[in-house]
Amino acid sequence: MINKNWRLISTFLLTALLILVLAACGAEEKADGEGKSELKEEYTVVSDTSFVPFEFKEDGEYVGFDIDLINAIADEAGFKINMETTNFDGIIPGLQTGQFDIAIAGISITDERAKKIDYSEPYYQSGLSIGVREENEDIKGIEDLEGKTIATRLGSTSAAYIADNIEGAEASQFEQLDQAYMAVENGSADAVLYDAPNVAYYIKTKGDGLKVVGDLYQAEDYGIAISKGNDELVAAIDDALATLKENGKYDELYEKWFGEKPE
């Protein structure tokens with residue numbers, strides 16, 4: 001009887017010891033994991049309001065390549081998005097203050113911006129194009145813009161390019177891109193200098209007597225911008241983007257908005 005009771009007591013003690021060991025391991029794992037953040041259920045994503053064909057308003061809804069892409073990335077990564085819009089020059093400050101978590105708006109990857117925000121891997125390769133009135137035969141390339149008034153977007157890399165590379169030129173900067181193109185159409189600016197896909201799309205769909213001249217200048221990549229300190233979110237977006245490129249979804253969206261598959 002004593003042996004039987006001892007076996008029961010021994011079994012109980014071993015079981016209790018095992019529970020304590022497992023609990024200790026769990027506590028250790030929790031302690032090791034302190035400071036590590038997981039993905040949130042929802043993130044605030046900001047985009048611009050007028051950058052065709054990447055993001056623009058149509059029939060009361062925001063549409064475009066960037067809008068479709070960030071929705072596909074969110075679905076793949078497993079989080080929801082709360083979409084907001086603002087003028088382009090308010091995007092970086094909004095990410096810095098924590099007003100927004102993610103931004104997708106044809107944002108060129110630059111060393112200066114990378115000091116303030118984090119980027120995903122590049123998702124689109126672009127450059128700058130010149131647009132002038134069709135009857136303009138004086139401006140054929142970047143060298144002909146010296147001393148001219150050049151319309152562009154406020155806070156853009158093209159505005160910085162004008163200041164750094166075109167002698168004597170005045171950068172006439174607008175919050176809304178339509179205003180920049182209209183400045184050329186009405187003669188208050190000699191040319192527009194901006195991201196090539198937007199210049200081409202505007203001229204094709206809305207441009208009133210405009211044409212593209214010159215080469216593609218300052219090749220640059222677009223990246224999805226993320227507020228600093230969200231390494232897990234950056235990794236999740238990169239992984240999702242890679243998957244979309246592998247499974248053909250990226251190509252599908254690209255062809256939908258640009259009429260051809262990416263090179």
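**Entry 1: ground rules.** I count a contact when heavy atoms lie within 4.5 Å. The model is predicted, so I keep local features only at pLDDT of at least 70 and side-chain atom pairs only at pLDDT 80 or more, while totals for chains, interfaces and linings use all residues. Residues are numbered from 1 along each chain as its sequence is written, and side-chain values use heavy atoms, with hydrogens and water left out.

**Entry 2: Lys 211.** I looked up what Lys 211 touches beyond its neighbours within four places in sequence. I found Ile 130, Gly 131, Val 132, Arg 133, Glu 134, Asn 136, Glu 137 and Ile 203. Lys 211 itself lies in strand β12, residues 210-222. Helices here are DSSP runs of H or I with at least four residues, strands are runs of E with at least two, and both are numbered from the N terminus. I also checked Lys 211 against Ala 200, 11 residues apart along the chain. Their C-alpha atoms are separated by 8.5 Å.

One contact of Lys 211 is also a salt bridge, with Glu 137. I use that term for a side-chain nitrogen of Lys or Arg within 4 Å of a carboxyl oxygen of Asp or Glu. The closest N and O atoms of Glu 137 and Lys 211 are 3.4 Å apart. This pair links distant parts of the chain, 74 residues apart: Glu 137 is in the loop between β8 and β9, and Lys 211 is in β12. Glu 137 counts as partly exposed because its relative accessibility is 47%. My cut-offs are under 20% relative accessible area for buried and over 50% for exposed, with partly exposed in between (1.4 Å probe, protein chains only).

**Entry 3: the other salt bridges.** How many salt bridges does the structure hold? I get 9. Among them is Lys 228 with Asp 118, at 3.1 Å between the closest N and O atoms. Lys 228 sits in the loop between β13 (225-227) and α8 (231-247), and Asp 118 in strand β7 (residues 117-119), so this pair ties together parts 110 residues apart in sequence. Asp 118 is buried, at 17%.

Lys 80 and Glu 41 form another salt bridge through their side chains (3.8 Å, N to O). Lys 80 is in strand β5 (residues 80-85) and Glu 41 is in the loop between α1 (2-33) and β1 (42-47), 39 residues apart. Both residues are exposed.

**Entry 4: Ser 129.** Ser 129 lies in strand β8. I call Ser 129 buried because its relative accessibility is 8%. Setting aside residues up to four places away in sequence, Ser 129 touches Val 192, Leu 193, Tyr 194, Ala 196, Val 199, Val 212 and Leu 216.

**Entry 5: helices.** In α7 (residues 196-205), I list Ala 196, Pro 197, Asn 198, Val 199, Tyr 202 and Ile 203 as buried. The buried residues of α7 pack against β2 (50-51), β8, α6, β11, β12 and α9 (249-258).

In α5 (residues 157-165), the buried residues are Thr 157, Ser 158, Ala 159, Tyr 161 and Ile 162. They pack against α4 (111-114), β8, β9, β10 (170-174), β11 (191-195) and β12.

In α6 (residues 177-185), Leu 177, Ala 180, Tyr 181, Ala 183, Val 184 and Glu 185 are buried. Just after α6, Gly 187 takes a positive phi of about 90°.

**Entry 6: Thr 49.** Where is Thr 49? I place Thr 49 in the loop between β1 and β2. Not counting residues up to four places away in sequence, Thr 49 touches Glu 55, Phe 56, Lys 57, Tyr 62, Thr 85, Thr 86, Asn 87 and Gln 176. Thr 49 and Gln 176 are 127 residues apart in sequence but 8.0 Å apart in space, C-alpha to C-alpha.

**Entry 7: whole chain.** I count 9 helices and 13 strands in the protein chain. Buried residues make up 42% of its 263 residues. Of the contacts with a separation of 6 or more, 71% join residues 24 or more positions apart.
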